[in-house]
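Subject: Structure for you to look at

Hi,

Here is the structure I promised you. Please open it first, then read my notes beside it.

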Amino acid sequence: MVNRDVIIDIRHLSKSFGDKKVLDDINFYIRRGEFITLLGPSGCGKTTTLRIIAGFVEPTEGQVLLDGKDISGIPPYQRPLNTVFQRYALFPHLDVYDNIAFGLKLKNVPEDEIDKKVRKVLKLVSMSDYESRDVDSLSGGQQQRVAIARALVNQPKVLLLDEPLAALDLKMRKDMQIELKEMHEKLGITFIYVTHDQEEALTLSDTIVVMNEGKIQQIGTPTDIYNEPQNEFVADFIGESNILNGTMLCDRKVNFVDHDFDCVDEGFGENVPVDVVVRPEDVEIRKDQSKAEFFGTVSSCTFKGVFYQIFVNTETGFELMVQNYRKYDVGEKVGMQIQPGNIQVMRKPRIRNTFNGEIIDNTHVCFLGESFECKPTELKAGTEVKVEVEFKNIDLQDHQEEGTVNGEVHFILYKGDHYHLTVLTESGEHVYVDTQDIWDKGDLVGINIAARDIKIGKIDE
Amino acid sequence: MKKFLAQTYLWILLILLYAPLIFIAIFSFTEARVLGNWTGFSTQLYENLFTGNVNGSASLISAVRNTFIIAIVAALISTVLGTLAAIGIHNLRGRKKSTMLFLNNIPMLNPDIITGVSLFLLFVFLRISQGYATVVLAHVTFCTPYVVLSVLPRITQLSPNTYEAALDLGATPMQALWKVIVPQLRPGMVSGFFLAFTMSLDDFAVTFFTRGTIGLDTLSTFIYTDARKGGLTPELRPLMTLIFLIILILLVIINVRQAKQQNSIKNK
């Protein structure tokens with residue numbers, strides 16, 4: 001079935017460069033005329049996705065459908081798409097006019113028609129007086145306008161933009177954002193925009209696709225993504241947030257920072273561990289402590305222009321980030337409250353580490369590619385087992401040689417009273433660790449696990 | 001005083017370097033048969049050279065013609081091969097790239113005589129009869145690395161997406177190469193061409209071993225034979241002076257171009 005409304009449909013897209021899988025089963029569709037943004041940190045696969053759509057990269061698996069037709073075999077120069085590159089990629093041996101006319105000349109469009117089109121698009125990007133200028137003599141912003149004009153003049157079905165504003169300074173970037181948005185509304189062309197700048201994505205897009213490590217994390221409108229992040233990664237990546245461990249007590253009741261709150265979420269079950277996200281601007285803070293739900297002491301207060309960013313230590317030992325228009329003094333006792341609608345509850349993707357392992361002998365088990373000592377077991381050598389280790393029982397060492405397994409700190413999440421780390425082992429597996437110690441992203445660590453903390457279980461049938 | 005000494009030293013060095021050339025240039029303006037005798041100023045040798053009134057003038061003129069034809073053909077082929085090779089090397093990664101660059105540098109450092117002898121043996125082994133074609137082939141082998149080296153920096157300067165941008169706008173890979181890549185590499189290709197041209201022009205050893213026995217002479221082999229036959233033909237003096245001037249002009253052009261290129265990079 002072909003949905004007339006869908007212009008691009010991406011199905012089961014995967015891409016590996018050598019051993020490294022950069023895209024893992026990507027699925028989404030783009031509606032005609034939509035402004036869609038692929039958002040994620042560097043290396044998340046957003047640019048690769050765009051390059052596959054443009055035709056510069058062949059997917060390892062999967063399809064890209066344009067108007068319902070698979071375009072996988074079509075070379076980039078035959079696709080009705082045009083790209084605006086991050087570094088503009090203008091042709092320095094041609095002037096502004098000839099850069100823009102390049103595509104039309106290749107298609108043998110009559111001279112007078114080229115002239116008309118080039119002038120029209122120059123006007124659109126407010127560069128009318130620059131047609132005979134050398135592109136190297138233009139500023140970054142002007143070069144980017146020429147690059148946009150060069151793409152738009154071909155009247156593509158879809159315009160692909162690969163971090164087009166990344167090389168511009170802040171002020172210029174803001175101006176161009178508004179202009180891009182206006183151009184999009186005026187032209188009605190579908191825009192696919194790639195950026196790592198979450199604010200840019202929230203400002204410009206109709207739909208945002210949040211990506212990380214080659215996988216889609218969430219697809220939604222800017223407000224959905226901001227207000228209802230589906231997982232820790234999205235909550236952490238988009239805007240500032242407090243991400244905390246909590247327990248769903250029953251429908252509409254959640255406990256976190258050792259306090260019971262009313263919330264609006266249902267259907268999680270009773271006494272289920274969850275992650276709770278509270279935006280710093282949603283923590284209501286006041287000096288008058290009579291009406292507050294919970295209490296704390298201000299540990300720092302920094303002026304941020306529009307608001308103050310305040311860190312509060314709660315009585316129960318958690319640190320919360322709060323934004324408020326009023327200044328609070330360090331050491332001041334404050335009361336706090338959170339509206340039920342502002343508490344976002346997320347199911348935990350996992351509550352402990354689970355690895356596939358194999359029994360070596362009655363006191364050793366192999367997982368993560370290494371042999372670990374474990375409690376005596378009666379299972380036979382060679383039995384495949386499920387190994388479980390609590391987050392807090394993973395011991396990280398500064399020096400790799402001190403660990404049984406080596407890894408690299410991959411992702412860090414502050415959870416109010418501890419850090420939740422994702423460590424990528426050399427065998428490519430993820431180990432999740434709860435720790436009080438401060439680590440940096442990219443730190444090389446050794447991983448140890450005590451024999452008593454390794455729980456061996458049968459593989460679920 | 002220190003400055004004066006430094007200056008003097010520099011001048012003495014320059015004079016020593018250029019003395020032979022100046023010597024030839026000065027003595028091209030006298031008629032004496034034996035080099036070093038001054039028999040009064042005269043432009044007779046230049047006149048002889050241009051009117052063809054020289055002993056064995058036919059073979060001298062054909063040697064000059066051969067030299068230039070070989071230099072131009074070899075330089076053209078080297079420019080094409082060298083540019084393509086440079087594009088290829090640029091697209092390699094890591095170890096492969098450094099290996100290729102190393103392999104590219106060896107022929108430049110290799111003594112000419114060894115290049116010449118080994119090519120001679122190769123042609124003999126392959127039973128290729130030696131003559132024009134083998135000389136051109138031989139010159140292409142030692143000229144191409146120079147073109148590669150003068151084109152590579154231009155490729156590095158290309159914005160990484162330029163080629164893709166051309167494809168994106170509807171150019172086929174050939175059109176992209178021809179309309180976008182080559183125009184941007186042109187300055188490097190021109191420098192490479194001139195370098196190859198001068199390298200080919202002054203080669204002796206390689207030509208000597210690959211010209212075969214058909215009596216093909218370039219200027220350098222002609223002079224060598226001529227000198228062995230009992231003294232240099234006096235008309236060679238103005239000829240060498242002229243060739244030196246041509247090379248000098250070419251070198252100045254190359255240097256000016258490079259300076260311009262570097263300026264344009266700085267301005268970016």
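Predicted model: local features only at pLDDT ≥ 70, side-chain atom pairs only at ≥ 80, totals over all residues.

Before anything else, one term: helices (H or I, at least four residues) and strands (E, at least two) are DSSP runs, numbered from the N terminus.

**How confident is the predictor?**

The complex gets an ipTM of 0.76 and a pTM of 0.78 from the predictor. For chain B, the mean pLDDT is 86. In that chain, 95% of the residues reach 70 or more. Where in chain B is confidence lowest, and where is it highest? The lowest mean, 78, belongs to helix 11 (residues 236-267) of chain B. The highest, 92, belongs to helix 7 (residues 162-168) of chain B.

**Chain B as a whole**

Chain B has 11 helices and zero strands. Read from the N terminus, its elements run α-α-α-α-α-α-α-α-α-α-α. Its C-alpha atoms fill a box of roughly 70 × 65 × 35 Å along the principal axes. Of the 268 residues in chain B, 31% are buried. Now take the contacts in chain B with a separation of 6 or more. Residues 24 or more positions apart account for 78% of them.

**Where the chains touch**

**Two helix pairs**

Two packed helices are described by the angle between their axes and the distance between the axes.

Start in chain A. Helix 2 (residues 96-106) of chain A packs against helix 4 (residues 140-152) of chain A at an angle of about 30°, with the axes 7 Å apart. Angles under 35 degrees count as roughly parallel, so helix 2 and helix 4 of chain A are roughly parallel to each other. Their crossing is right-handed. From helix 2 of chain A come Val96(A), Asn99(A), Ile100(A) and Phe102(A). They meet Val146(A), Ala149(A) and Arg150(A) in helix 4 of chain A. That contact divides into five nonpolar residues, one polar and one charged.

Now chain B. The axes of helix 6 (residues 132-157) of chain B and helix 8 of chain B cross at roughly 155° and come within 8 Å. Angles over 145 degrees count as roughly antiparallel, so helix 6 and helix 8 of chain B are roughly antiparallel to each other. This crossing is right-handed too. Helix 6 of chain B contributes residues including Phe142(B), Tyr146(B) and Val151(B). Helix 8 of chain B contributes residues including Leu185(B), Met189(B) and Leu195(B). The classes here are 13 nonpolar, seven polar and one charged.

Is Tyr88(A) buried or exposed? Tyr88(A) is buried, with 24 other C-beta atoms within 10 Å. Tyr88(A) also has a positive phi of about 65°, although it is not a glycine.

Asp67(A) has a positive phi as well, about 50°, and is not a glycine. Look for Asp67(A) in the loop between strand 4 (61-66) and strand 5 (69-70) of chain A. With 14 other C-beta atoms within 10 Å, Asp67(A) is partly exposed.

Val365(A) lies in strand 22 (residues 364-367) of chain A. Val365(A) is buried, with 25 other C-beta atoms within 10 Å. Beyond its neighbours within four places in sequence, its contacts include Ile359(A), Phe372(A), Val385(A) and Ile454(A). Val365(A) and Phe191(A) are 174 residues apart in sequence and 52 Å apart in space, C-alpha to C-alpha.

Last, Met183(A) lies in helix 5 (residues 170-187) of chain A. Met183(A) has 17 C-beta neighbours inside 10 Å, so it counts as partly exposed. From Met183(A) to Leu124(A) is 59 residues in sequence and 7.8 Å in space, C-alpha to C-alpha.

Best wishes

How values were computed:
Residues numbered from 1 in each chain as written. Chains lettered and ligands numbered in written order. pLDDT = per-residue confidence, 0-100. Buried ≥ 20, exposed ≤ 12 C-beta atoms within 10 Å, placed from the backbone. Contact = placed C-beta atoms within 7 Å. Axes fitted to C-alpha atoms, helices over the stretch in contact; angles between N-to-C directions. Parallel < 35°, antiparallel > 145°, perpendicular 65-115°, else oblique. Left-handed = near helix turned anticlockwise from the far one by under 90°. Nonpolar A, V, L, I, M, F, W, Y, C, P; charged D, E, K, R; others polar.
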